Amino acid sequence: MMNKEEFIQLLQDKKYKTAQNILSEMNDMDTAAFLEELDAKECALAFRLISKEKAADVFSCMNSKMQTFLVDMFSETELKELLDDLYMDDTVDMLEDLPANLVTRILKNLDSTKRSTINKLLKYPEDSAGSIMTTEYVTLKKAMTVKQAMNHIKEIGIHKETIYTCYVTENKRLMGIVTAKSLMTSDNDENITNLMNTNIISVHTHTDQEQVAHLFRKYDLIAMPVLDSDGCLVGIVTFDDAMDVMVDETNEDISRMAAMEPNEKTYFETTVWQQAKHRILWLLVLMFSATITGSIITRYENAFSAVPLLVSFIPMLMDTGGNCGSQSSTLIIRGLALGEIHFKEIFKVMFKEFRISLIVGSILAVANGLRIFIQYQNFNIAIVVALSLMVVVIIAKFIGCILPLFANKFGVDPAIMASPLITTIVDTCSILVYFNIAVHIFNIVV
């Protein structure tokens, strides 16, 4: 691939034909990424060199910032040509991110049918199947033969987002689906009714998009029909849109697992103030909740005054407990996301984590007990730390597996119950367990 400097030199030397050939040899995604690296003026010039057939696909691959800039730069004719070639779902995605004045300008350049469809799509709840579906799909009639169906696809397929799966409808109701493979490998006189599959995996317009993505992953689908409340086919969700949902949901979960508010913009597109705003809320919550641990330590001042060595093991206990809780929560959150674990299996999960904690806790307790006894020649402290580790690991595993399950049950994102929050809760429990065991073994009066 040509580097940016060489390409810019071609534009400056007005060697537009050469630049156009270079862009035509790239795939759509690489072209979009390459143009985004150019300065605004150079990007606008380069985009105009892309063939009309390819321009819409490249545009849909660009980030919202570059799309906004280009729409603002386009003439009315250029904008209309682009919109005519853009798929409906890509147009809707673009409109959701553009400023109001540009949205108004785009809607004015659409014909009444497209404008009506887009307005309808924009009214579906955010993060629903209706908001990510496209209305550009191939429909067939049951009475058609394979030859008639193939002729129909050849006639309209160029304007549809996918032709790999065709939908057999009757009065807008979905009767079955037919794959392109079935059509191409069947006799011309074969009736569509004999080829269509009536065992259909579908969703409704208000189905959560995360559930849609889960169904794509579970059934290895290329496209999925979307039905309205009356059971009529109103659109389809394609695999590329399901992939975008998976990426968005993963990014959201990663942010929440790190105790940050999710952010759709890239790292460098987000201002310093916005980054701070997304992080500060959870930091404040976790900071003030950690003061509970401090107050507990203050309550047991007599314990570490009598045996100062006890203090040195607090960080190790808290870190071990936090890590154990994070391990369990991560696995449970993953299981919930993939549909492998459900709330009704909570006791099964707890029993499994209990057995794991016994094994892990025993090994950690023995290893640390022996180390402390050898290093400090103090059997009582070795017992206190070993017992505390054992109990802390069990508690941490329980908390790590229970909190995400309850969060999911009550409609809260399980990712919130990840490392930072669980670590804070486990820290408090660790201190309580540790000093209670120490007080009893050393007979210290609190």
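Q: In what order do the three strands of the open sheet run?
A: This is a predicted model, where local features need pLDDT of at least 70, side-chain atom pairs count only at pLDDT 80 or more, and totals for chains, interfaces and linings use all residues. Residues are numbered from 1 along each chain as its sequence is written, and side-chain values use heavy atoms, leaving out hydrogens and water. Strands here are DSSP E runs of at least two residues, numbered from the N terminus, and two of them pair if DSSP finds at least two bridges between them. The pairing is mixed, and the order is E1-E2-E3.

Q: Which residue is the bridge partner of cysteine 166 in E3?
A: E3 (173–179) is an edge strand, pairing on one side only. Strand E2 (residues 165–170) pairs with E3 in the antiparallel sense over six bridges. In E3, cysteine 166 has as its partner valine 178.

Q: What does phenylalanine 288 count as, buried or exposed?
A: Phenylalanine 288 sits in helix H17 (residues 272–299). Its relative accessibility is 54%, so phenylalanine 288 counts as exposed.

Methods
Helix = DSSP H or I, 4+ residues; strand = E, 2+ residues; numbered from the N terminus. Buried < 20%, exposed > 50% of the residue type's maximum accessible area, 1.4 Å probe, protein only.
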